[in-house]
Amino acid sequence: MKNETSEFSEKLSWYKNNSGKRIYELKDDKKVFSTIIWLKDTGTLAEASCQYGKWTFKRAGFFKPVITIRKFNEPFDIGHLNFSWTNDSELILKNGHKYYFSNTNLWRQEYGFKDINKKLILRTIPNFNKRGSDGFAYFNEKEIPSDELYLLLNLSWYIISSYSDDESITLLI
């Protein structure tokens, strides 16, 4: 059996900031590559920033959830991710590029973005045992432009951490 991880040239880790707020940082051993900050204690509006861009994400809808993506301080969406009940949620960017977000593991422990040909270009794995990092991102930066890669990296963690936080709140009620 082929090890899928060997196809990916990079591995980074997501860590929750110790400030007590909903802030995550994407890091290697030394450097912070990206940050996601939820702008309020409750709600779905978050801001992601890295050297390749700054975006806001907002989830809406209950029966047909969608995530809208905007460049920071811009009034128009640059893309939206429409969730699907059949596993391949479609991300359509304003520039015409399409990606698919899906569960890549039978036990729902890995998620990833695929290109238009359904080739996996990045995987995000939550670390449910919470030893060290909160999750891992594996990717091959040669596959797509860096600004889109980092948009996908941030968006994948936004989705996973948002739904994880929602489940935690539901369990407490």
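**A strand and its surroundings**

Modeller: Happy to. The protein chain has one helix and 12 strands, and please keep in mind that this is a predicted model. Along the sequence, the order is β-β-β-β-β-β-β-β-β-β-β-β-α. The strands form a closed barrel of 12, running E1-E2-E3-E4-E5-E6-E7-E8-E9-E10-E11-E12 with antiparallel pairing. From one strand to the next, the twist averages 20°.

Let's take strand E9, which covers residues 98-103. Five of its six residues are buried, so the strand is mostly covered. On one side is strand E8, residues 89-93, which runs antiparallel to E9 and is joined to it by four bridges. Within that pairing, Glu90 has Tyr100 of E9 as its bridge partner. E8 and E9 make a hairpin with four residues between them, and in the turn Gly96 has a positive phi of about 95°.

Strand E10, residues 111-114, also pairs with E9: four bridges join the two, and they run antiparallel. Here Tyr100 turns up again, with Lys114 of E10 as its bridge partner.

Now follow the chain past E10. Lys118 lies in the loop between E10 and strand E11 (120-126). Its phi is near 65°, a positive value in a residue other than glycine. Most residues other than glycine have a negative phi. Lys118 is partly exposed, with a relative accessible area of 40%. Another residue to look at is Asn73, in the loop between strand E6 (66-71) and strand E7 (77-82). Asn73 is not a glycine either, and its phi is positive, near 60°. With a relative accessibility of 65%, Asn73 counts as exposed because the cut-off for that is over 50%.

Next, the nonpolar packing. The largest nonpolar core has 36 residues, and among those with the most contacts inside it are Leu91, Phe113 and Tyr158. Leu91 falls within E8, residues 89-93, and Phe113 within E10, residues 111-114, so both strands that pair with E9 have a residue on that list. Helix H1, residues 146-172, gives the most to this core, with 10 residues.

Leaving aside residues up to four places away in sequence, Tyr158 touches Ile36, Trp38, Thr44, Ala46, Phe57, Lys58, Arg59 and Ile67.

Finally, the wider view. Of the 173 residues in the protein chain, 43% count as buried. The accessible surface comes to about 10,400 Å², and carbon and sulfur atoms account for 52% of that. Among contacts with a separation of 6 or more, 34% are between residues 24 or more positions apart.

How values were computed: Residues numbered from 1 in each chain as written. Predicted model: local features only at pLDDT ≥ 70, side-chain atom pairs only at ≥ 80, totals over all residues. Heavy atoms only, no water. Buried < 20%, exposed > 50% of the residue type's maximum accessible area, 1.4 Å probe, protein only. Core = buried A, V, L, I, M, F, W, Y, C linked by side-chain atoms within 4.5 Å. Contact = heavy atoms within 4.5 Å. Axes fitted to C-alpha atoms, helices over the stretch in contact; angles between N-to-C directions. Areas by Shrake-Rupley, 256 points an atom, 1.4 Å probe, with all protein chains shown as cover.
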